[in-house]
Amino acid sequence: MADIIVFILLVACGYFIGGHRERSHYRSIFARERATLELTLLSGKAIDPAWQIAQAALVTGVCVISVDYFKSVAAGLRNLIGGRVSAYESLIDRARREALLRMKAQAAALGGKVVVINVRLETSSISGMKADGRSGQVASVEVIAYGTALALA
Amino acid sequence: MILTTIESVPNLRTVEHMGLVSGSTVRSKHVGRDLMAGLKNIFGGELKGYTELLNEAREEAVARMVKQAEALGANAVVNVRFSTSAVAAGAAELYAYGTAVRVE
């Protein structure tokens with residue numbers, strides 16, 4: 001009985017606190033994306049001949065985000081019937097966008113008008129031991145975003 | 001040392017290729033970080049400790065790659081890529097590689 005109560009408590013914690021954190025993170029992502037619309041990210045490597053390039057530098061952004069308990073339970077249930085695991089979709093989306101925003105912040109620090117070309121995203125997860133020593137997956141997603149920032153004169 | 005993810009360095013001419021250079025770091029998490037990660041698995045959100053760890057690993061891998069390029073007499077590394085892989089439980093590798101070149 002106690003197990004069930006703890007389980008329900010954990011799921012509720014994940015649902016309410018995790019949900020709140022996700023919403024506030026998304027609000028912050030949207031606000032920063034709007035604020036940095038000027039800074040163009042291109043996944044291609046073509047350089048416009050009209051650009052007067054003053055400086056080229058490697059810029060990177062890193063983000064590791066963990067699931068909440070509700071999401072892992074929801075994903076576990078989803079595993080039984082298959083299909084889209086929307087709980088994890090938003091997780092990966094947040095990690096990617098956060099990493100891109102951090103890369104943008106680094107690029108903006110070069111000053112002036114900046115374009116980032118050949119942007120790449122590398123995604124993986126750190127698998128490992130749980131806190132209590134049992135082997136298991138700390139369900140998290142880590143993203144490295146990187147590209148070449150061109151400071152335009 | 002100029003690093004780019006494209007084939008060349010803008011405005012500069014590549015005069016010599018020195019071949020592939022790379023740097024890697026294998027990182028694992030310590031108990032304190034894992035404990036916090038365990039809690040974060042309940043509440044969700046960013047794992048700041050891991051983000052920091054990944055950042056350090058990236059810096060270290062790039063530094064090793066740059067050192068190797070310097071030893072070859074290069075002044076730029078072009079076509080830089082990052083790659084990650086899981087080596088074993090609790091350890092992950094971050095690998096940075098690129099082509100060392102001399103530009104003028």
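Biologist: Hi! What should I know about the numbering and the cut-offs before we start?

Modeller: Residues are numbered from 1 along each chain as its sequence is written, while chains are lettered from A and ligands numbered from 1 in the order in which they are written. This is a predicted model, where local features need pLDDT of at least 70, side-chain atom pairs count only at pLDDT 80 or more, and totals for chains, interfaces and linings use all residues; side-chain values use heavy atoms, with hydrogens and water left out.

Biologist: Great. Where does S90(A) lie?

Modeller: S90(A) is part of helix 3 of chain A, residues 86–108. Helices here are DSSP runs of H or I with at least four residues, strands are runs of E with at least two, and both are numbered from the N terminus.

Biologist: And is S90(A) buried or exposed?

Modeller: S90(A) is buried, at a relative accessible area of 14%. Buried means under 20% relative accessible area, exposed means over 50%, and partly exposed is in between, using a 1.4 Å probe and protein chains only.

Biologist: What is S90(A) in contact with, leaving aside its neighbours within four places in sequence?

Modeller: With that exclusion, S90(A) is in contact (heavy atoms within 4.5 Å) with E22(A), Y26(A) and K71(A). The side chains of S90(A) and K71(A) also make a polar contact at 2.9 Å. For a polar contact, a pair of N or O atoms must be within 3.5 Å; within protein, one must be able to donate a hydrogen and the other to accept it, and residues adjacent in sequence count only if both atoms are side-chain atoms.

Biologist: Changing topic, how many salt bridges are there over all chains?

Modeller: The whole structure has 14 salt bridges. Each is a side-chain nitrogen of Lys or Arg within 4 Å of a carboxyl oxygen of Asp or Glu.

Biologist: Which residue meets E98(A) in a salt bridge?

Modeller: R32(A) does, at 2.8 Å from N to O. E98(A) lies in helix 3 of chain A and R32(A) in helix 1 (residues 2–35), so the pair ties together parts that are 66 residues apart in sequence. E98(A) is buried at 4% relative accessibility, whereas R32(A) is partly exposed at 29%.

Biologist: What about E33(A), which residue does it form a salt bridge with?

Modeller: E33(A) pairs with R97(A), and their closest N and O atoms are 3.0 Å apart. E33(A) is in helix 1 of chain A and R97(A) in helix 3, so this pair ties together parts that are 64 residues apart in sequence. E33(A) is partly exposed at 23% relative accessible area, and R97(A) is partly exposed at 22%.

Biologist: How many salt bridges are there between chain B and chain A?

Modeller: The count is 3. In one salt bridge between R27(B) and E142(A), the closest N and O atoms are 3.2 Å apart. R27(B) lies in strand 2 (residues 14–28) of chain B and E142(A) in strand 6 (residues 140–152) of chain A, so the pair joins two chains. Both R27(B) and E142(A) are buried. Salt bridges with shared partners also join R32(A), E98(A), R102(A) and E46(B) into one network.

Biologist: Nice. How many residues does the contact take from each chain?

Modeller: It takes 36 residues from chain B and 45 residues from chain A. Together the chains bury about 3500 Å², with 60% of it on carbon and sulfur atoms. Buried area is the accessible area (1.4 Å probe) that two parts lose on being put together, summed over both. N41(B), F43(B) and F82(B) supply 18% of the area that chain B buries against chain A, more than any other three residues.

Biologist: Last one: what does the secondary structure of chain B come to?

Modeller: Chain B has 2 helices and 5 strands, following the pattern β-β-α-β-α-β-β along the sequence. Buried residues make up 48% of its 104 residues.
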